[in-house]
Amino acid sequence: MPPSRNSPADEQQHMHLAQYNVARLVAPLDDPRIADFVADLERINTLGDRSPGFVWRLQGEDGTSTDVRVGDDDAVIVNLTVWESIEALFEYTYHSGHVELFRRRREWFDQPTAPHLVLWWIPAGAIPTVTESQARLDHLRAHGPTAHAFTVKHRFAMPATALLENA
C-alpha cells in the first residue's frame, strides 16, 4: 500500500521516521468505557493525516487500525505511522488536538509495564509492516534504545548515509 501523501520534502530527504506503538485497552472497543476514544478516532486520524510532515498510517477498512492484532491478546491495539521527521511527529503528538486524547490515555489503556512505542528510520517510500514493527519494539525492549529501535526521549539521528545523499 503506497504512502497516502507525498510532499516536496520526500525528494530532498531520503529517510522517513517510522513510529509504532501498542496499547492494551481496559475494555473491549464496544464497551461504554472506551466510547469517547472510539468516537474520536476519525477526528484524530484526520488531524494526523493533515498534519505537516505526515506520510502514511496503517489503516483497515474502517479507516483505523483497531482491527489489527499482534499476539493473542485481543485487547492490544496498534498504531503504525510514518513521518518526515521526529519533529513533525512530536508536533502532532504534543502540540495539536491529539494531545487531548493523549492526556486521557489512562482512562482507556492499561499502564504499560514495558516500552510500548518505538521509532526507527526507513527509506522514503518504504512502508513498514506490523511484523517488522513488532520486531523493532521487541528489540527495544531487549536492548534499550539503539539506532535500530529508539524512543522520542532517546533519539537517534537520521543515518549518516542518508545525510550524505542529501548534501
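Predicted model: local features only at pLDDT ≥ 70, side-chain atom pairs only at ≥ 80, totals over all residues.
- Put together, 4 strands make an open sheet in the order S2-S3-S1-S4, with antiparallel pairing.
- Strand S2 (54-57) and S4 are the edge strands, each with a single partner strand, so one side of each has no neighbour in the sheet.
- From one strand to the next, the twist averages 25°.
- Helix H6 (residues 130-143) packs on this sheet and touches S1, S3 and S4. The direction of H6 makes about 125° with that of S4.

**A closer look at S1**

- Strand S1 spans residues 15-24 and is mostly covered, with 9 of its 10 residues buried.
- Asn 21 stands opposite another asparagine, Asn 79 in S3.

**Aromatic rings**

- Searching the whole structure turns up 7 aromatic pairs.
- One of them is Phe 37 with Trp 108, a tilted pair at 5.5 Å centre to centre with 45° between the planes. This pair links distant parts of the chain, with Phe 37 in helix H2 (residues 35-49) and Trp 108 in helix H5 (residues 105-108), 71 residues apart.
- Phe 37 also pairs with Phe 109, this time edge-to-face, at 5.1 Å centre to centre and 85° between the planes. Here too distant parts of the chain are linked: Phe 109 lies in the loop between H5 and strand S4 (117-123), 72 residues from Phe 37 in helix H2.
- Phe 37, Trp 108 and Phe 109 form one aromatic cluster.

**Burial in the cluster**

- Phe 37 and Trp 108 are both buried.
- Phe 37 counts as buried because its relative accessibility is 9%, under the 20% cut-off.
- Phe 109 is buried as well, with a relative accessible area of 14%.

**A charge over a ring**

- The charged end of Arg 105 sits over the ring of Phe 102, 4.0 Å from the ring centre.

Conventions. Residues numbered from 1 in each chain as written. Heavy atoms only, no water. Phe/Tyr/Trp six-rings, centres within 6.5 Å; stacked < 30°, edge-to-face > 60°. Helix = DSSP H or I, 4+ residues; strand = E, 2+ residues; numbered from the N terminus. Buried < 20%, exposed > 50% of the residue type's maximum accessible area, 1.4 Å probe, protein only. Lys NZ or Arg CZ within 6 Å of the ring centre and 35° of its normal. Pairing = 2+ DSSP bridges. Axes fitted to C-alpha atoms, helices over the stretch in contact; angles between N-to-C directions. Contact = heavy atoms within 4.5 Å.
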